[in-house]
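Please read the points below with the sequence and the coordinates open. They go from the overall fold to single residues.

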Amino acid sequence: MRKLFALAGLALAVPLGVAQAAAPSPPCPDRNVQYWQAFPPGGESDLSARHQQLVLKKKCPAIETVIQYKAGAGGALMWTQMNQLPGDGANVVGVNLPHIVFQPIQGDVQYKTADIVPVFWFHFTPDILVVNAKSPIRNFQEFLQAAKASPGKLSLAGSGQYSANHAAHERLDAAFGIKTLYVPFKGTGDLATSVIGGQVDGAMTYTPFAIANKDKGVRPLAVAMDKRHPLMPDVPTFKELGVDWVDGAYRGIGMPKSTPPEARKRISDMWLAMNNEPEMQELAAKSGFELVNVGVEQMDAFMAEKSKLYTEGAARMGLGKK
């Protein structure tokens with residue numbers, strides 16, 4: 001079995017309930033939560049925020065979670081500006097790995113990884129390769145044949161430049177000795193129409209997209225998980241196809257640097273409590289999200305580990321070499 005060169009082995013390093021033990025439910029926030037999204041509506045970040053909005057409303061009926069969008073530059077627009085938000089404990093920002101490591105290394109953004117203050121990582125979404133359901137490509141073997149027959153012709157959409165999707169696309173090409181074209185979109189929600197409508201041949205995306213669109217014009221071919229996904233039992237893993245590839249994207253929340261430590265801890269505990277709710281676990285399972293719990297107590301060690309691994313992967317991808 002060939003070893004994948006970049007970021008293999010970054011899978012569910014912090015399974016639900018392992019990183020933090022279940023804790024008593026923290027008190028509700030004392031004001032409405034301003035939840036800023038770095039990607040457009042319709043993608044995985046938006047869907048997870050809607051889940052959290054629903055669960056928090058039931059836990060804290062007097063509190064509204066106000067979801068706002070500032071999309072652009074693969075998330076970098078929001079992340080560049082997040083420290084300008086008030087550090088009042090009510091402003092939280094959706095953040096993503098490996099994006100917040102890759103983008104500063106490439107050097108096309110106005111923020112550094114150290115500028116981002118994550119307070120909780122709440123789920124992981126594995127990589128998956130999909131094509132249009134009307135495509136003559138019916139399985140991964142036929143995908144490889146088509147890619148090798150016409151190098152650079154097959155186009156694969158993805159969310160953002162220097163993102164998890166972009167990294168997965170580069171890994172796909174390198175691992176299987178092929179050349180395909182990466183087509184970046186602002187977010188997963190934006191690429192759906194192009195994939196379903198056949199404007200691109202497929203996408204290097206995440207499991208929630210494949211699950212949500214499996215009956216709407218999308219055919220999944222291979223998934224970067226240890227075992228097959230229970231909602232897609234006919235889709236092989238990359239491991240089965242000969243490449244040790246278990247990877248994807250982490251999603252979480254950060255807060256402005258000016259936010260006091262006690263306010264960061266309060267929000268971190270609140271997100272942990274939401275992850276422990278049976279309703280949240282059911283919503284996540286139906287959507288293809290793998291819940292993880294990484295709070296403020298584990299954050300420094302987690303970020304040091306992931307930053308090291310993603311930095312090594314970025315070097316192999318050639319990021320930062322202009």
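How many helices and strands does the secondary structure of the protein come to?

1. Basis and fold. This is a predicted model, in which local features need pLDDT of at least 70, side-chain atom pairs count only at pLDDT 80 or more, and totals for chains, interfaces and linings use all residues. Residues are numbered from 1 along each chain as its sequence is written, and side-chain values use heavy atoms, with hydrogens and water left out. The protein has ten helices and twelve strands; helices (H or I, at least four residues) and strands (E, at least two) are DSSP runs, numbered from the N terminus.

2. Overall dimensions. The radius of gyration is 19 Å, close to the 20 Å from the globule rule for 322 residues, so the protein is as compact as a globular protein of that length. That radius is taken over C-alpha atoms, and the rule is 2.2 Å times the number of residues to the power 0.38. Along the principal axes, the C-alpha atoms fill a box of roughly 60 × 40 × 35 Å.

3. Burial and surface. Of the 322 residues, 56% are buried; buried means under 20% relative accessible area, exposed over 50%, and partly exposed in between (1.4 Å probe, protein chains only).

4. Contact range. Contact means heavy atoms within 4.5 Å. Among contacts between residues at least 6 apart in sequence, 78% join residues at least 24 apart.

5. Cores. A nonpolar core is a set of buried Ala, Val, Leu, Ile, Met, Phe, Trp, Tyr and Cys residues joined through side-chain atoms within 4.5 Å. The largest has 31 residues, and Met78, Trp79, Leu97, Ile100, Phe102, Trp121 and Tyr250 touch the most other members. Elements that each supply at least two residues include helix H2 (76–81), strand E4 (91–97), helix H3 (99–106) and helix H10 (296–317). H10 gives the largest share of this core, six residues. A second, separate core of 23 residues includes Val55, Cys60, Ile63 and Ala284.

6. Which peptide bond is cis, with omega near 10°? The bond from leucine 97 to proline 98 is, and proline 98 is found in the loop between E4 and H3. Not counting residues up to four places away in sequence, leucine 97 touches Trp121, Gly248, Ala249, Tyr250, Phe302, Met303, Lys306 and Tyr310. In H3, six of the eight residues are buried, among them His99, Gln103 and Gln106. Glycine 107 follows H3 and has a positive phi, near 90°.

7. Positive phi outside glycine. Alanine 73, in the loop between strand E3 (65–69) and H2, has a positive phi of about 55°. Alanine 73 counts as exposed because its relative accessibility is 58%. Tyrosine 162 also has a positive phi of about 55° and is found in the loop between strand E6 (155–159) and helix H5 (164–176). Tyrosine 162, at 18% relative accessibility, counts as buried.

8. Serine 268. Is serine 268 buried or exposed? At 0% relative accessibility, serine 268 counts as buried. This residue sits in helix H8 (residues 261–275) and touches Val119, Phe120, Gly295 and Val296, not counting residues up to four places away in sequence.
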